[in-house]
Amino acid sequence: MSSEAAGPSPLLEVMDLSLEFRTRSGTVHALQGVNLAVQKGETVGIVGESGSGKSVLSFAILRILDAAARVTSGAIEFAGMDMLAASERSLEEVRGREISMIFQNPRTALNPIRRIGRQIEDVLSMHSSTLRADMKAKAIEALARVRIPDPERRYAAYPFELSGGQCQRVMIALALACNPQLLIADEPTTGLDVTTQAAILSLISELAAERKMATILITHDLALASEYCDRIVVMHAGHVVELAPTSQLFSRPRHPYTARLIASTPGPAQGIATLASIPGNLPDLRRADLPNCRFHARCERAQDACTALALPNIPVDAQSGVRCVNPL
Amino acid sequence: MNASQNNVLDCVEVKKHFPVGRGALLHAVDDVSFAIGPGESVGLVGESGCGKSTLVRLITRMLDVTSGDIIYRGRNIGFIPARRFAGTQFRPKIQMVFQDPTDSLNPRHTAFDAIAEPVRRLGSTEGKGGAKPLALAVAEAAKMVGLPEELLPRYPHQLSGGQKARVGIARAVVMMPDLLVLDEPTAALDVSVQATILRLLADLKRELGMSYLFVSHDLNVVRMLCDRVIVMYLGRIVEQGPARELFERPAHPYTRALVKAIPSIGGKPGEREVLQGEPRSPINPDPAVCRFYGRCPQQRDRCRTEAPLLREIRAGVTAACHFS
């Protein structure tokens with residue numbers, strides 16, 4: 001999509017990325033021709049159903065993909081560094097220090113048999129030049145920054161002693177311990193209560209603004225993305241189908257899938273009768289004859305051209321674009 | 001609250017305290033009273049750890065109460081030990097739809113077996129001409145939930161998320177229950193199928209005349225499906241009222257925070273008062289202190305010397321707050 005026009009040298013740029021998994025039951029075409037640019041300090045949301053490739057894309061950015069994954073084309077550049085060509089050694093320098101990630105379930109992402117203070121110290125000793133004598137103070141400071149009450153005492157706690165919300169705060173403390181330039185938050189509040197969700201996301205956005213840190217927020221909740229993101233990328237079956245500044249995406253969605261997703265997100269005044277659903281399922285990504293538009297079988301605007309023509313890349317303006325033969 | 005013959009379910013001062021060692025008691029459910037009328041759907045909301053799931057396990061009689069009565073259609077079923085409950089005539093009448101169909105369906109059972117299991121164990125529901133044959137009961141349940149018959153021989157991994165959700169609902173309605181307890185039935189679903197499952201639940205309720213107890217923390221979903229909502233906080237009911245009113249005019253400060261925390265398209269997080277702090281400990285709570293004290297944006301001195309009781313704020317709305 002029109003990522004070149006989004007501004008001078010973005011912090012992260014994914015260009016025409018295609019990726020597949022070779023499995024026993026066939027090759028899964030997980031990502032195809034994905035473009036994404038993230039500027040310094042901005043928050044970009046990636047939304048879509050499960051199976052649309054949101055997490056695979058973020059794993060590809062960090063190069064923590066499964067061994068069965070093959071990048072078949074494209075490039076990923078982070079702060080001038082070619083992430084796909086980089087050695088494992090230089091990647092280790094980037095992961096955790098320059099780009100860090102918050103995973104979906106904090107309880108499984110934390111080490112259950114290590115005190116949380118120690119886990120923060122592990123990150124510091126791996127990625128920073130903190131002196132051993134300062135470690136504990138730094139770890140407690142990191143816990144205090146994510147507003148864990150009584151951080152001196154919590155330093156010695158195990159993950160099972162904390163609530164889900166507090167575990168997620170610890171994950172944020174771990175992720176931000178080395179002041180990364182980019183934070184990837186993969187469904188950071190799924191499974192947390194709404195009140196906790198609000199507190200966690202406000203914390204992430206405050207800390208991001210304070211440090212001018214860029215954030216990629218992966219979520220299936222459009223309402224959440226609308227509140228916290230500057231720009232939103234909509235994915236469907238391994239394609240980026242639309243990209244637009246948040247307010248524009250919701251006021252004038254161009255891709256039929258985006259419009260459907262918005263209509264199926266319950267709002268405050270919505271009745272059950274008007275809530276939309278999206279017919280059908282994601283296509284089987286193992287098919288060798290995947291249609292050019294992977295949404296056409298579920299789309300009410302489908303035409304013959306949808307499968308006959310290559311998926312177009314239509315720039316709407318400098319900031320946004322849509323990949324659809326017959327956009328709204 | 002009077003237990004009436006007309007209600008499908010009455011809970012009267014239900015308590016569940018778990019011993020946690022050294023004589024300490026975890027007050028999971030404390031003095032909870034409410035009723036569910038015939039054909040009514042009641043939403044149960046609250047944070048994790050507030051006692052929703054314990055209350056559900058008490059009502060579905062998988063767990064024994066510490067004290068209090070659980071009355072099904074005028075008959076106290078609270079004293080029947082949970083282990084014996086499955087053998088009673090009441091088991092088919094109170095059924096449950098579990099949270100994540102991927103986890104709650106046996107991966108080695110086909111959709112047919114999953115739906116047939118309750119019939120095999122509890123006996124077939126009585127049809128017009130006596131007991132129905134098993135295959136017919138399963139086929140009817142599948143039809144009710146819109147599951148195509150050709151999918152019945154499939155295993156869970158061969159079904160989509162929405163289809164698995166339908167299997168989970170079918171195996172609960174195959175017994176023709178009076179009360180269906182739904183534990184986060186759409187939490188594991190994509191928004192693309194959420195609407196169809198919600199509409200299915202609304203239709204089923206109308207067709208079969210069941211009552212619903214709908215546990216969820218997605219308040220938008222609760223609002224769409226429920227007539228009345230119960231809000232729990234740390235083992236107690238803090239507010240109860242008609243769904244619409246609860247969302248438009250929440251009376252308890254916790255309900256207000258809960259309603260405000262729902263993200264919406266075009267909403268701004270800056271306008272939201274974020275609840276700070278963590279809930280109080282549910283272990284041996286001080287009976288004189290309001291359970292919400294410490295997180296409440298409106299707390300005053302009175303809140304830690306006198307715990308508020310549930311009282312009627314407006315017609316049909318009760319809340320446990322001194323300042324509602």
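In this predicted model, strand 1 (residues 12-23) and strand 4 (residues 69-78) of chain A run antiparallel and are joined by eight bridges. Strands here are DSSP runs of E with at least two residues, helices are runs of H or I with at least four, and both are numbered from the N terminus; two strands pair if DSSP finds at least two bridges between them. V14(A) lies opposite I76(A) of strand 4 of chain A.

These strands belong to an open, antiparallel sheet of four strands in chain A, ordered 2-1-4-5. Strand 2 (26-38) and strand 5 (81-82) of chain A form its edges, each pairing on one side only. Helix 1 (residues 54-62) of chain A packs on the sheet and touches strand 1, strand 2 and strand 4 of chain A. Contact requires C-beta atoms, placed from the backbone, within 7 Å.

Between the chains, 37 residues of chain A are in contact with 35 residues of chain B. Helix 8 of chain A contributes the most to the chain A side, with seven residues.

| Property of chain B | Value |
|---|---|
| Helices | 10 helices |
| Strands | 14 strands |
| Box of C-alpha atoms along the principal axes | roughly 65 × 50 × 40 Å |

Among contacts in chain B between residues at least 6 apart in sequence, 64% join residues at least 24 apart.

Residues are numbered from 1 along each chain as its sequence is written, and chains are lettered from A in the order in which they are written. Local features need pLDDT of at least 70 and side-chain atom pairs 80 or more, while totals for chains, interfaces and linings use all residues.

Note on methods. Two residues are in contact if their C-beta atoms, placed from the backbone, lie within 7 Å. Axes are lines fitted to C-alpha atoms, for helices over the stretch in contact, and angles run from 0 to 180 degrees between N-to-C directions.
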